[in-house]
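Colleague: Could you walk me through how to read helix packing in a model like this one?

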Amino acid sequence: MSISDAFDTAVARFADRNRDFLQRMIRQLREDLGLQTVRKLELFHYVDLGMQLDKCTWQYNARFPMEDWRRIAQDTFSKCGFQFDLGRLDIHVVDFGGVRNKVYAVDAPEHIVVILDLPQGGVQAYRHIFHELGHALHYSHFGPTEYRMLRNPDLMERHFTEGIACLFESLIFERRWLRENVGLSGDEADKLRQAVIGAEALNTMWNITLARFEIEMYRNPTAYSNGGMGRLLCSLLSETLGVEEDSPTVALNFAANMVVHQSVKGAVGWVLKMAVRDSLRYHHHDGIIYKDDLAGRLRPIMSGGHRSWIDFFHLIDCEFNFDSMARYWRSAFPEGELS
Ligand SMILES: [Zn+2]
């Protein structure tokens, strides 16, 4: 099966199983987090919902202070069993408006440069910190062969490294982590998780929709002239997101903001993170990785490079599908509480 066929099959299965859940999730987000009612879920409102969710996290920003990130991060890695000394990294904290976070494996493992663009602290800043430090930790497990592969996108799939970084990024939204490290109560942790995971779900669904659109365009490049592209996108929006957007022009304008290939990457990176989570063979349904033996379980997955994300799924003994991701989303919105 080709990669695009595998993707299509996974999306169809996912849509079938989770359409109702996504609708209920959106309804609950509006009720519990007091998001503005969106009467008709057309594309503008869908995007607006994501922005409202981001704002919901701001009230917790003071609990994620800039002056504590280094201690908290070091502590978290140690508690998960990693011998990873942040003091050995070449870390630069800069102020470019939060868009320049990056890790360079200059002469790794001796020299790994981490750029953190987050002068203000807060929930999103911590998220970036753990994402980038996740990359740094991952690279620190590489040998010379993997470093050579890392420099060549044909040899090492970017999804592989992003999947691992996203895993660490999600670690800080676990209830126990939130309680122990930033002192959130159970109720606060649940609300923050709903806002963060809800936004992630909306964003991933949007990426999946655009990925389907891209794949279809590559398959049939000449089949959609005369406004057919916009109509195709509208029908995918309705099928995948449940968004009834009736303007092909509006739909295409939104899609045009996406760099070609980025949507497939965006979608697959997140799916991969969830699959890694599942492959760690913890209690399958609790979605928790903040545990003292994480290092031991993750180490075999972190070394080595992989030519394609399909290979990677084989390595971790998973089929390529979105089941793990759906389970993770559902963990923030338990079935019983949904009205
Ligand atoms: Zn990354």
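Modeller: The protein chain has 14 helices and three strands, both being DSSP runs numbered from the N terminus (helices are H or I, at least four residues; strands are E, at least two). This is a predicted model, where local features need pLDDT of at least 70 and side-chain atom pairs count only at pLDDT 80 or more, while totals for chains, interfaces and linings use all residues. Numbering starts from 1 along each chain as its sequence is written, and side-chain values use heavy atoms, leaving out hydrogens and water.

Colleague: What describes two packed helices?

Modeller: The angle between their axes and the distance between the axes. Here, α8 (residues 186–219) packs on α14 (residues 323–332) at about 150 degrees, axes 9 Å apart. Axes are lines fitted to C-alpha atoms over the stretch in contact, and angles run from 0 to 180 degrees between N-to-C directions. So α8 is roughly antiparallel to α14 (over 145 degrees).

Colleague: Which residues of α8 and α14 make the contact?

Modeller: With contact meaning heavy atoms within 4.5 Å, α8 contributes Arg193, Gln194, Ile197, Glu200, Ala201, Thr204, Met205 and Ile208. From α14 come Met325, Tyr328, Trp329, Ser331 and Ala332.

Notes. Angles under 35 degrees count as roughly parallel, over 145 as roughly antiparallel, 65 to 115 as roughly perpendicular and the rest as oblique.
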